[in-house]
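Take a look at the model below.

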Amino acid sequence: MRAFRSLPLRGAAILLTLAIAVSGCDSDDVTGPAQQQVPPPTGQQTSSATWNITVNTSADVVDLNAGAAQIQVSVTARRADNNQSVAPETTALLSTTAGLLTSESGTADSVPIEFDVGGVARATLTLNAADLTSEGVVIVRAQIEGSFGSARIQLVNVPVEAFQLLDVSPAVGPPSGGTTVTIIGTGFRSPAQATLSGSIGTLALENVRVNSSTRITAQTPAVNLPSGQNSLVSITVENGPDAQGNPGAVDTLAGAFTYTRSSAGATTLKVISFSPTFGPNEGGTQVSIIGEGFSDSVQVFFDGGPLIESRILSITPTRIEAITPAATGPNAASANSPVSVRVIDPISGQSATAAESYQYGGGAFFISSVAPTEDEYLGGTLVTVFGQGFDEPVAVEMGNEAQQIISVTGTEVVVRTVPVRIACSPQTGPVRLTNIETAQTVQNLNFSYVPVDPVVVSVDQSGPNDGNPGGGQTIEIFGVPRTFGVGFDDPVRVTIDGVPATGVTFLSDDTLRVTTPAYTGNFQTEPCFTGGGQGTRQLPAVVNVQVINLNTGCNDVLVSGFTYDPANPACVVAVDAAFNVSGDPGSFTASFFDQSTGSGLTYNWNFGDGTSSTDANPVKTYALPATYTVQLTVFDGTTSDTATREVVIPFPIL
């Protein structure tokens, strides 16, 4: 016997699924649809066939910030014994734990669907704003007779990235304009606007296009610039409006682009701009040097004390990508200080210097984003903190817990999350980073530890000792497949009607095996009738099955998930001894007639003169006149009862 039910939706931090919901915790749950009678396939009698049912959805993740979502649901089914596709016009029941389903039969949280000649049944799931209030899992379930299939949709809160400009490439171009530049940043929305500003005044960039949330492309306008001169300009971007129509934020990247017009035939080595202009003392920051006359033979030095050469990644005639050396050891004098950047061509003998253009251990210090923004309470996940101004050694706290540092650069810190002890609700706290040597601290965004919610889908109690009230039966408990924040998580406790089961074993990530305890409740009864008269019959006890995560206390209850059968399911008539006696006037012979109630009775007569009988209706002839005390005791194998009356011998003459 396998019991099924609809499940609720977890409302605190995790995962959307179709037709079996997520419960437990002290979170807000979305109650699943009421159980409905599933119609048999049209034109057929209800059968014992088992179906392999597959539910597919057009989306398996929905952003809580979307406002609403429409998801197409398709269902296919094949017989488990011969893989034959379901017959056309067969009816199934489709239900959802959140939102509303629409099929040809109407709109509700549980609707009939009909398979077409291609073996597919379809419906539409609509999730409105009221359904998208918290992270979790929505389950859509399809049922044909006693077979089930389901699909999951995860509701997630996709964090909106902070809007900021980080870099522009290329960073140099001619005054004739037409240079296609790529603006790198985060949180870009369309339609965005971009302008240039500086000694040229303020001009709009042309053909501005938001390619993604991190990339904008545009073309520079033409400017008036005498030969041999440069013009350093800033780029400002006004982001597109948000979902509510509010104007977007504005950010400016100072000195982001240089207009340059070289003198005719000039081959002079020149440094025009430098980005970024700061980084940690440990070095390792990638910098872009924009200029002219760069050849493959050039060298780059960070000149704060001894001449320390940097590692070059790439060179073009107008751009050098290099890695900053560490301000330690021979270069320790450069720590926490501004240094000049010198480009030298040893073949031509030329050099160019950007005086005090780079700051070790200084500059802007901020956190721009974190990925991912949550982890299960078990920890062990690599998380990257993005920003600028990070300087090893650092300390990182996320979700109110100090984290294990894996690696540090000026713009990224990678940590491995530590395990935490939490109750059945998310533990959320800011992301805080501290540069230990300078005691600088910055915090931004939030990180959450989430519990793991068990979700009980069904119980298979078929097998030996099925429903034995004395317990000792081995059963299997099925849940949803283990995903982030949802599923069976060792260790667990299983209770049946509130009594702990024993021998809890994890067979897989969604299947438990346990041994049932003895039933401690009272079986309800109903009236019944047998040849022995009116009696009562004990009814099976349908009880709840609960799975509890012992680490967090999160739990899920499958209502009416297990059935205990009474030891004696037969109709039982209460044992009540009674008899009548008759005889002719003046007679010494008495006829006894049993009028007892009960099932399967045995009889023991004591005639009061030392004799007895086990007949149901005995005849007794007494030897002497007297008044005798006669007793009848009846027994049904469990309960006995005795009736007594006085018999006068010979029978009086009336």
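The paragraphs below start with how the model is read.

This is a predicted model: local features need pLDDT of at least 70, side-chain atom pairs count only at pLDDT 80 or more, and totals for chains, interfaces and linings use all residues. Residues are numbered from 1 along each chain as its sequence is written, and side-chain values use heavy atoms, with hydrogens and water left out.

Start inside. A nonpolar core is a set of buried Ala, Val, Leu, Ile, Met, Phe, Trp, Tyr and Cys residues joined through side-chain atoms within 4.5 Å. Buried means under 20% relative accessible area, with exposed over 50% and partly exposed in between (1.4 Å probe, protein chains only). The largest such core holds 30 residues. Val-62, Val-75, Leu-94, Ile-113, Phe-115, Leu-125 and Leu-127 have the most contacts inside it. Strands E2 (51-57), E4 (69-79), E5 (91-96), E8 (110-114), E9 (120-127), E10 (136-144) and E11 (147-156) each give two or more residues to this core. Strands (E, at least two residues) and helices (H or I, at least four) are DSSP runs, numbered from the N terminus. E4 supplies the largest share of the core, 5 residues.

A second, separate core has 22 residues, among them Ala-194, Leu-196, Val-210 and Phe-257.

Now the sheet. Five strands form an open sheet in the order E2-E4-E9-E6-E7, with antiparallel pairing. Two strands pair if DSSP finds at least two bridges between them. E2 and E7 (106-108) are the edge strands, each pairing on one side only. Within the sheet, E4 and E9 run antiparallel and are joined by 8 bridges. Ala-69 has Leu-127 in E9 as its bridge partner.

A hairpin comes next. Strands E35 (residues 404-408) and E36 (residues 412-416) pair in the antiparallel sense over 4 bridges. They form a hairpin with 3 residues between them. Val-408 stands opposite Val-413 in E36.

Last, the open space. On a 1 Å grid over the protein atoms alone, a pocket is an open set of points with protein on both sides within 12 Å along at least five of seven lines, whereas a cavity is a set where a 1.4 Å probe fits but cannot get out; lining residues have an atom within 4 Å of a point. Grid points are joined across faces, edges and corners, and a volume is the space filled by probe spheres set on the points. The largest pocket holds about 1100 Å³. Of its 46 lining residues, Leu-166, Asp-167, Ser-275, Pro-276 and Gln-388 are the closest to its centre. Strand E20 (residues 250-260) gives the largest share of the lining, 6 residues.
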